[in-house]
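I wanted to get my bearings in a structure I had not looked at before. These are my notes, in the order I looked things up.

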Amino acid sequence: MGDKDDKKYLEEIFANYMDTDTSPASSASNAVPTAPVSSSISIQTSVICNANDIKVENDIKPDITGISSTPSVTTRATDALEDDDAILMHGIPKATSDLVLSNVVATVNLGRRLPLQEISRQCLNAEYNARRLNILFIRIRNPKTTALVFKSGKMVTTGANTERNAHKSARRFARIIQRFVPDVRFFNFQIHNMVASGAVLFSLRLEILCIHMGYRAHYEPELFPALVYRMSEPMVTVLLFSTGKVVITGAKGRQELMKAFELMLPMLQKVHREVTE
């Protein structure tokens, strides 16, 4: 077919196309066919492990909107924590992650002086070095905690992530010591410090925050990467990192942790708005 025939053939196709109905319905039906657009498909794979076999199940869910889903602003620090382990901030969920307990420090009195050297020789999971530090260290795995035992009979437990685990571990340490010193007692259990961590979902300008917070704030990036802010009510210490992470320490209960976080959040949001604007 020559050049003239090609030109004539294209003119006929163009004339036929212009004669068709140009209404939206007909134009949609007479449009030039194109390759079908496949909708985005998210595949969730779950693995079920039995005693003798492994089964894989695929749950295919098409995304009919064609828009990839984005994570919600509110995120939990961990999905494995129950309500007893996580402090859910229901009142201020839009710009923060959940405040999660990371350490509970408690003390207990065992009621008598203790021979630390003798206990360390008989207890397998104990560590004692009188030349370095006159304290007996005992560690257990469940719950994963550490006890600091003093000659006076005072004991400090640390590492628990809930108040219940702190009390449980303290009683377990007392039982361990009771094997070697039968007349020890367990009384005056107290929680002295609770540490929790959370985050605001935006970065922080620590230099500007230090100016806004006044004399209670201290920021020395050459010595420590966080801004240290000591609140008067409640009496806790807040560590602010440039990534948005927030650590609260010095609280005696969960209510103090939540109150400190609620009081801190408006100031952080205000400074963030001023910086971004």
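The entries below go from the whole chain to single residues.

**Entry 1: the whole thing.** I reminded myself that this is a predicted model. I started with the overall tally: 6 helices and 13 strands. The protein has 277 residues, and 33% of them count as buried. For the accessible surface I got about 18,300 Å², with 54% of that belonging to carbon and sulfur atoms. Then I checked how far along the chain the contacts reach. Taking contacts with a separation of 6 or more, 56% are between residues 24 or more positions apart.

Entry 2: Next I picked out helix 5 (residues 206–213) and helix 6 (residues 254–276), whose axes come within 10 Å of each other and cross at roughly 125°. That angle makes helix 5 oblique to helix 6. I also noted the hand of the crossing, which is right-handed. Who makes the contact? From helix 5, I listed Ile208, Leu209, His212 and Met213. Helix 6 brings Met264, Met267, Leu268, Val271, Glu274 and Val275.

**Entry 3: Ser169.** I moved on to helix 4 (residues 163–178), where Ser169 sits. Is Ser169 buried or exposed? I have it down as buried, because its relative accessibility is 1% and the cut-off for buried is under 20%. Its side chain reaches the backbone oxygen of Ala166 at 2.9 Å. Leaving out residues up to four places away in sequence, I found Ser169 touching Ile140, Pro143, Thr145 and Thr157. Two of those names, Thr145 and Pro143, got a follow-up.

**Entry 4: Thr145.** I found Thr145 in strand 7 (residues 144–149). Thr145 is buried too, since its relative accessible area is 3%. Which residues is Thr145 in contact with, apart from neighbours within four places in sequence? I wrote down Ile138, Arg139, Ile140, Thr158, Gly159, Ala160, Ser169 and Phe173. So Ile140 turns up on the list for Ser169 and again on the list for Thr145, by the contact cut-off of heavy atoms within 4.5 Å.

**Entry 5: Pro143 and another cis bond.** Pro143 is in the loop between strand 6 (133–141) and strand 7. The peptide bond that joins Asn142 and Pro143 is cis, with omega about -10°. I noted a cis peptide bond between Glu233 and Pro234 as well, where omega is about -5°. Pro234 also belongs to a loop, the one between strand 11 (227–230) and strand 12 (237–240).

**Entry 6: Ala217.** I then looked at strand 10 (residues 217–218), where Ala217 is found. Ala217 counts as buried because its relative accessibility is 10%. What does Ala217 touch, not counting residues up to four places away in sequence? My list reads Cys210, Leu227, Val228 and Tyr229. I checked the pair Ala217 and Tyr229: they are 12 residues apart along the chain, and their C-alpha atoms are separated by 4.4 Å.

**Entry 7: Asn188.** My last stop was strand 9 (residues 187–199), which holds Asn188. Its phi is near 60°, a positive value in a residue other than glycine. I put Asn188 down as partly exposed, because its relative accessible area of 45% falls between the limits of 20% and 50%.

Note on methods: Residues numbered from 1 in each chain as written. Predicted model: local features only at pLDDT ≥ 70, side-chain atom pairs only at ≥ 80, totals over all residues. Heavy atoms only, no water. Helix = DSSP H or I, 4+ residues; strand = E, 2+ residues; numbered from the N terminus. Buried < 20%, exposed > 50% of the residue type's maximum accessible area, 1.4 Å probe, protein only. Polar contact = N/O pair within 3.5 Å; in protein donor to acceptor, adjacent residues only side chain to side chain. Areas by Shrake-Rupley, 256 points an atom, 1.4 Å probe, with all protein chains shown as cover. Axes fitted to C-alpha atoms, helices over the stretch in contact; angles between N-to-C directions. Parallel < 35°, antiparallel > 145°, perpendicular 65-115°, else oblique. Left-handed = near helix turned anticlockwise from the far one by under 90°.
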